Amino acid sequence: MTTVNTNAARSSGGASGNSLPYAMGLRCMHLALAAAAVIAAGYLMNTLFAWAREYPESWVMPLSRYISAFFDWLGYEADFGLFTFRELTRAVSQVLEWPLAFTEGLLVSGFGGVPLLPLPWVTVTLIFSTAGLLLGGWRLAAILLGCFAFLAVFGVWEPAMDTFSLVLVIVPFAALLGIAAGVVLAGAPRLERVLSPVLDVMQSTPHFAYLAPIVVLFGFGQVPALIATVIFAAPPMIRCTLVGLRSVPPELIECGRMAGCTKWQLLAKVRFPAAAATLLLGLNQVIMQTLAMVVIASLIGASGLGHNLLIALNSLKLGTALELGVAIVVLAVALDRLSLAASRYDPYKRGEQTRRRGILLLGVGLCAATAAAAPFAEGLHRYPAAYTVTSAPFWDAVVIYVSDEWYDGLQAFKNVLLSYVLIPSRNALLWLPWPVVIALVGLTGYRVGGRKLAATVAALAAFPLVTGFWVPTMITLYMIAMAVAVSIVIGLTVGLLASRSERLSGFILLICDTLQTFPSFVYLIPVVMLFKVGDVAAITAVIAYATVPMIRYTNLGLRRVSAQTKEAAEAIGCTRRQLLWKVELPLALPEIMLGINQTIMMGLFMVAIAALVGTKDLGQQIARALSDGDTGRGLIAGLCIASLGIIADRILRTWSRKRSEALGLTG
């Protein structure tokens, strides 16, 4: 691996100092010729063929109408003899209402029939602080104490507990479903190959698209939100279970068999304990996906912080919305840090049993004492309203100040960006005939991965066309292209800077960790404050949301380049620029491409959410379908977004793998 790259560096720097500019000039010329060919082909097709300019309505497959009709039949007419499908869904809803009623009673409303009050805010805070002390030490305990105290002091305890009561029910359901499915698929490779594309589609389909069919089948409220969130959050757990079970060393499994373990004992006593760290990381992903989806599920009646945030945004109460957004982030940070600490916790460390026993005794004693004293001390049970604080007036004043002082400058920037960059880019993409676009996608797939990949990506590119969603798909593509291009530039630059300094890397990664806990809803608040609604606000939100993985993976890839490789390149005369371009970046390529892949996927998710700030893309189609109860349109629009994500994923992964093989980075 070192030889390959040092030879490349030697050839780039020793004999011909001008080889890099020459290669870049040649590549630019090839790109210019390709662009000219595309423009010429587009002009000819638009001139000669009306069907290439606008896909004929008679050729559109009414797939969305069929799906809507199917779900309407399923929800209102399907009869299985002993019961109808609607009766089945209502029965499932009633069953799921029991654990929801229990967690809501425990944290929010109490149990009127008994009667019992909900857990006091002090007790809940102590429970989590004790868990933090046990799993991560005093620092984590202080973070959790501060997070839950923030929710109480800022007067959002009740909606936060509403949200948390949903999370407490959803996470076990999604985790158990994911683990069970992962175990089955791990033992059935053929079934996994069949279902792997389904998991890809599920993980590529935005949050919104899950809501429309759930509303038709289960109606509005907490239970439909629970079901939609479980479906959305389970795939990461399935993937992590598969990875964890397959990473168990064969020698360990063989030892278990030699010890006489049955199949189930081998799973419970050997495989699961060995894969515990990966499974707990999967649980962390489930928690974060659940919290993100619970906020989105406020659109179908889920109560809690997301519901209050949606009302504040719709009322343009940006100060209140920002405060609620911060509360969501605080809850996300608490759950994220606690679940990550659980994944790293070693219960067999020396002296840990004694320490754990002491912490548990102290925690249980304090929790029991506060719970017993709460009915007699109102301040222990509910945080006194007189002592709550709010920052909403301050943020409202900031919004007014920004509107008064920055309005002209921001509007000028926004207008220039729209007039000279965004609108021309959108119009150019919409001008291209659909056969040219699909041919370009297929040709790219062919050059990267051959006929099979070309056929796959061309079929995925044609899906929005034949289903009647071509124009909103192209608008979505233009928005995601603009946002991802900026995210890649920012991510590469910041990741490169972070890789050069240990202290700077720690600081930047801390910011990235914090930003990754923000639910996507939260990113809409500052962009609406700055740019109101429209494409500029949506693209800015996508950039803010999707840049983090680009930074993380660039930093990771560059840091993994060994010092010996860099010393060898410097020994043969590489300059710092040559070292970066010919050695470090090629060796970091797999991680960088994974970062681009993740940036595109997160950008597509955020584009769908950004429909709430006035875009006209596929996200708007999903939002309109949700409000109109048009299940087919919402699902097809979501699948169109998934098709864009899968095209990018297949091409980038294949290109990255082949490039890595060419550079000798595999094997």
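A salt bridge here is a side-chain nitrogen of Lys or Arg within 4 Å of a carboxyl oxygen of Asp or Glu. Please keep in mind that this is a predicted model, in which local features need pLDDT of at least 70 and side-chain atom pairs count only at pLDDT 80 or more, while totals for chains, interfaces and linings use all residues. Residues are numbered from 1 along each chain as its sequence is written, and side-chain values use heavy atoms, with hydrogens and water left out.

Let us start with the charged pairs. Side chains of opposite charge can pair when their charged atoms come close. By the rule above, the count comes to 11 salt bridges. One of them joins the side chains of E158 and R382, at 3.9 Å from N to O. E158 lies in helix α8 (residues 157-186) and R382 in the loop between α18 (378-381) and α19 (392-431), so this pair ties together parts that are 224 residues apart in sequence. Helices, here and below, are DSSP runs of H or I with at least four residues, numbered from the N terminus. E158 is partly exposed, with a relative accessible area of 44%, and R382 is partly exposed at 41%. On this scale, buried means under 20% relative accessible area, exposed means over 50%, and partly exposed is in between (1.4 Å probe, protein chains only).

The side chains of E254 and R257 meet at 3.9 Å, N to O, and both residues lie in helix α12 (residues 250-258), 3 residues apart, about one turn of the helix. An α-helix has 3.6 residues a turn, so residues three or four places apart point the same way. E254 counts as partly exposed at 40% relative accessibility, and R257 is partly exposed at 49%.

D649 is buried, with a relative accessible area of 14%, whereas R650 counts as partly exposed at 25%. Salt bridges that share partners also join D628, D630 and R633 into one network.

Now for the aromatic side chains. A pair of aromatic rings is described by the distance of the centres and the angle of the planes. Rings of Phe, Tyr and Trp (its six-membered ring) pair if their centres lie within 6.5 Å; planes under 30 degrees apart count as stacked, over 60 as edge-to-face and the rest as tilted. The structure holds 17 aromatic pairs. In one of them, the rings of W51 and W59 have their centres 6.4 Å apart and their planes at 35°, so the pair is tilted. Elsewhere, ring pairs link W121, F128, F148, W157, F164 and Y383 into a cluster.

W51 is partly exposed at 34% relative accessibility, and W59 is partly exposed at 42%. Together with I39, Y43, L44, L48, F49 and W431, these two tryptophans make a nonpolar surface patch of about 860 Å². Such patches are made of residues with over 30% relative accessible area and no salt bridge; like charges are joined within 9 Å, and nonpolar side chains (Val, Leu, Ile, Met, Phe, Trp, Tyr) within 5 Å. Accessible areas come from the Shrake-Rupley method with a 1.4 Å probe, and for residues only the protein chains shown count as cover. Helix α2 (residues 19-48) gives the most to the patch, with 4 residues; L44 is found in this helix.

The expected span of a helix is 1.5 Å times one less than its number of residues. The 16 residues of α21 (residues 451-466) should span 22 Å, and its end C-alpha atoms are 22 Å apart, which agrees. Its buried residues are L453, A454, V457, A458, A461, A462, P464 and L465, and they pack against α20 (434-449), α22 (470-499) and α30 (631-662). Contact means heavy atoms within 4.5 Å. L460 also lies in α21 but is partly exposed, with a relative accessible area of 22%. Leaving aside its neighbours within four places in sequence, L460 is in contact with S643, I646 and I647. After the helix comes G468, whose phi is positive, near 85°.

Finally, look at S505, which lies in helix α23 (residues 502-516). S505 is buried, with a relative accessible area of 4%. Apart from neighbours within four places in sequence, S505 is in contact with A498, N555 and R559.

Key
Helices (H or I, at least four residues) and strands (E, at least two) are DSSP runs, numbered from the N terminus.
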